[in-house]
Amino acid sequence: MKMHGRQLALVFALFVASDGRLLADSAPAELPDFYPSPWSSGGPDGWDAAYKKAQEFVSKLTVLEKVNLTTGTGNQADLCTGNTGSVPRLGFRKLCLQDGPVGVRYTDLNSAFPAGINAAATWSRSLIRRRGEALGEEFRDKGVDVLLGPVVGPLGRDPAGGRNFEAFGPDPYLAGVAVAQTVEGTQSAGVIASVKHYILNEQEHFRGGISSNIDDKTMHELYLWPFADAVRAGVGSVMCSYNKINNTYACENTYVINQLLKNELGFQGFVVSDWGAQHSGVMSALNGLDMTMPGDGVRNSTYGSYWGGSLTEGILSLAIPPFRIDDMVIRIMAAFYKVGRDTKQVDINYSSWTNETVGPEYWHSKTGNTTINKHVDVQGNHTELIREMGAKSVVLLKNVGNALPLTKPPSIAIIGEDAQDNPNGPNACVDRICNVGTLAMGWGSATAEFPYLISPATALEKQASEDETVFSNVKSNWDLGAARAAASNASTAIVFVNANSGEGYTTLDGNFGDRKNLTLWNGGDELIAAVASANPNTIVVIHSVGPVLIDHVKTHPNVTAILWAGLPGQESGNSLTDVLYGKVNPQGKTPFTWGKAAGDWGIITLVNSSTQQPQQDFAEGSFIDYRYFDREEIEPSFEFGFGLSYTNFTYANLTVMKQDVGPYEPRSGFTTAGPTFGGINQDPESALFPEGFEKVPGMIYPWINNTNISDDPTLIDYPFEAHNRSAQPILPAGGAPGGNPDLYKIVYVVTADITNAGEVAGTDIPQLYLSLGGPAEPKVVLRGFDEVELKAGETKTVAFNVTYRDLSNWDTEAQDWKVTSQPKTVYVGASSRYLRLHADLD
């Protein structure tokens with residue numbers, strides 16, 4: 001049954017407290033169904049032209065060809081991580097989908113970029129966009145159609161979450177800006193971006209069955225926010241996640257796919273399942289899924305797939321209406337044309353399953369022997385960008401007495417495993433599932449092969465040689481005597497420590513993807529203590545996936561500097577050396593909060609359950625990371641947005657100028673009726689395997705095995721509303737990709753003067769925060785930032801645009817964004833707690 005407005009509000013009211021938070025002691029309410037799955041219709045920024053091309057193409061397709069484009073051909077069945085079928089009759093090849101967010105996975109002669117969390121730490125729109133463009137270029141030139149990234153799910157609710165590093169941090173505004181820039185950059189290179197994992201996949205434990213239970217307000221104001229920015233940026237694909245949302249799997253959840261994504265956010269591209277995240281056949285299609293990956297994995301079934309021949313049967317039996325299968329393919333092809341794949345596509349020139357030049361094209365069946373790896377070098381000049389981003393993402397957390405930058409120190413001691421090369425090479429561990437040598441990439445599917453990895457020890461030894469600095473290097477974390485001895489004999493001791501995490505398909509040192517604690521790995525705390533006990537000028541470098549507990553390091557009198565370098569990719573050592581020696585003045589700001597104790601975030605990873613499908617209530621609402629610290633008045637070690645420079649900046653002259661843009665207007669009206677393209681041959685004979693056709697073993701096909709197909713959809717209880725192709729009401733918060741266009745009207749322009757009051761050039765990141773008022777709202781929320789390069793003594797005026805969306809809260813009854821009557825205050829400062837300027841908004 002369809003629900004809108006007040007009906008939906010009543011459903012949420014059953015389990016939402018007055019402040020919008022899920023009631024912890026209540027059973028999670030299952031969400032109402034939302035049918036039919038909205039059909040695409042084109043839109044601005046290239047969607048109209050793409051939709052027209054897609055319509056022309058899809059109108060020529062048979063049922064079997066449509067099914068072929070929606071169904072993966074099977075795990076390791078073909079060259080790419082994911083492959084669809086093809087349309088040979090029209091000369092249309094299979095679509096190639098490939099991991100991942102930091103580089104082309106499972107190939108060679110590619111780059112290994114800094115992780116998403118490092119990109120966010122730069123707070124640089126231009127750098128993030130350039131990273132996206134460079135990634136797109138490398139995927140394009142390998143023949144990839146769909147880049148499986150970027151990531152804004154997990155958002156980062158749990159600081160120990162295993163895959164947080166893939167994303168852009170727990171603030172929705174920062175994540176939204178970063179994902180939009182990445183999408184625009186990637187797709188400008190001619191590759192479809194697939195933003196993931198949609199939605200609420202916030203931990204790795206139980207990810208395949210956990211139910212993330214959330215209220216409507218929190219969903220909109222926190223977790224959906226960056227996905228809206230991705231949709232507004234024109235993203236071509238969204239990958240649905242493994243978990244359930246309020247007890248329905250994400251990949252067949254009509255609330256998150258049909259209502260939120262395709263209806264409210266106006267998403268025009270296609271929804272693809274995470275690998276193995278599909279749990280039904282006809283129902284997943286009716287509920288909004290457009291493409292399944294990898295396509296196989298359904299044991300003891302007729303076709304080995306929920307789709308393939310099963311989808312064909314569903315179409316022929318009319319369980320799936322013609323307008324729905326047409327829309328599935330239209331969405332895929334519209335995304336294809338929007339990024340220009342029809343003019344920028346090159347042959348797939350690699351195999352995900354081996355680096356041998358000659359081998360089986362169809363890896364699973366070991367058939368089709370041919371040249372499968374052409375070893376195409378796609379790196380271009382991306383080394384320079386990777387080095388720059390690695391340096392500008394370094395966050396200087398402490399710098400006492402101008403310990404940094406270094407200037408030809410008499411002697412330095414480099415201490416710790418994290419500074420070193422992996423003796424077996426940077427790619428010795430499959431999917432980086434180890435912690436040997438310097439940490440420059442987390443583990444899991446979001447990995448790529450390093451073409452090389454410059455370790456800190458290598459880069460610093462080179463710098464020391466140029467400076468005629470005495471250099472010593474202690475490679476072990478465990479020989480504390482050697483560490484103390486080296487430290488005591490050096491004018492500067494630099495100790496390297498780390499903390500790793502990854503995807504929850506394996507365990508590393510007792511960490512099943514998610515971190516089991518927030519402490520340093522491999523005896524890092526003991527190593528720092530040993531070095532600091534012997535040298536009063538100890539510098540600590542941290543490579544980590546997120547925050548670690550280091551307040552005891554911060555307060556140690558002999559620790560003069562602390563730097564967080566994150567996961568910087570292949571140029572790790574060079575990037576760090578550029579910062580340590582002042583070639584790059586650090587501009588990085590921490591994209592997450594550093595607590596003093598594990599309980600400071602108020603979130604505990606769910607690791608023990610009597611069932612593989614446990615319930616996890618997001619009872620904290622929108623109060624995660626700095627919002628929670630602020631509400632509970634917890635003093636962090638380092639607050640969100642904090643980061644030092646080698647110079648100082650002052651802020652002055654805050655001005656607020658209200659714009660005459662008129663009121664926010666909810667959208668109304670109706671869509672067009674659900675369109676169909678081309679006819680459907682309902683004769684099952686036309687869908688049988690061709691006589692004499694030789695199957696590739698293990699590959700999924702669209703053909704059916706026999707003609708015994710029911711044409712009576714009432715025999716199975718499929719929802720009647722899913723077959724309704726009549727015009728549908730436009731939601732108040734909808735109307736265009738990203739939501740109601742009025743949300744993005746600029747209501748205020750806020751300006752401030754930023755001055756470099758120091759003696760060296762530097763880049764500041766002024767940040768704008770809003771207090772939205774109200775007793776149940778966060779103290780402040782980030783709503784703007786800028787990157788300002790300033791010479792010594794120079795002043796520049798920065799301007800921030802504040803939109804209706806920035807000022808609004810989600811109204812659960814109206815099912816729309818509303819600017820409340822509560823007083824609003826704007827702040828401009830250097831972090832979430834260093835708010836230097838403020839003004840009331842009328």
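Student: What should I keep in mind about numbering and confidence here?

Tutor: Residues are numbered from 1 along each chain as its sequence is written, and side-chain values use heavy atoms, with hydrogens and water left out. Because the model is predicted, local features need pLDDT of at least 70 and side-chain atom pairs count only at pLDDT 80 or more, whereas totals for chains, interfaces and linings use all residues.

Student: At what angle do helix α7 and helix α9 pack?

Tutor: Helices (DSSP runs of H or I, at least four residues) and strands (E, at least two) are numbered from the N terminus, and axes are lines fitted to C-alpha atoms, for helices over the stretch in contact, with angles from 0 to 180 degrees between N-to-C directions. Helix α7 (residues 216-223) and helix α9 (residues 254-264) pack at about 55°, their axes 14 Å apart. That makes α7 oblique to α9, given that angles under 35 degrees count as roughly parallel, over 145 as roughly antiparallel, 65 to 115 as roughly perpendicular and the rest as oblique.

Student: Which residues of α7 and α9 meet?

Tutor: With contact meaning heavy atoms within 4.5 Å, Asp216, Met219 and His220 in α7 meet Tyr255, Val256, Leu260 and Glu264 in α9.

Student: How many aromatic pairs does a search of the whole structure find?

Tutor: Rings of Phe, Tyr and Trp (its six-membered ring) pair if their centres lie within 6.5 Å; planes under 30 degrees apart count as stacked, over 60 as edge-to-face and the rest as tilted. The search finds 28 such pairs. In one of them, the rings of phenylalanine 57 and phenylalanine 92 have centres 5.2 Å apart and planes at 50°, so this pair is tilted. Phenylalanine 57 lies in helix α2 (residues 47-58) and phenylalanine 92 in the loop between β1 (82-83) and β2 (96-98), so the pair ties together parts 35 residues apart in sequence. Tryptophan 123 and phenylalanine 640 form another tilted pair, 5.5 Å centre to centre with 55° between the planes, and this pair links parts of the chain 517 residues apart.

Student: Is arginine 341 buried or exposed?

Tutor: Buried means under 20% relative accessible area, exposed over 50% and partly exposed in between (1.4 Å probe, protein chains only). Arginine 341, which lies in helix α13 (residues 341-344), counts as buried at 0% relative accessibility. Not counting residues up to four places away in sequence, arginine 341 touches several residues, among them Arg93, Arg140, Asp145 and Phe336.
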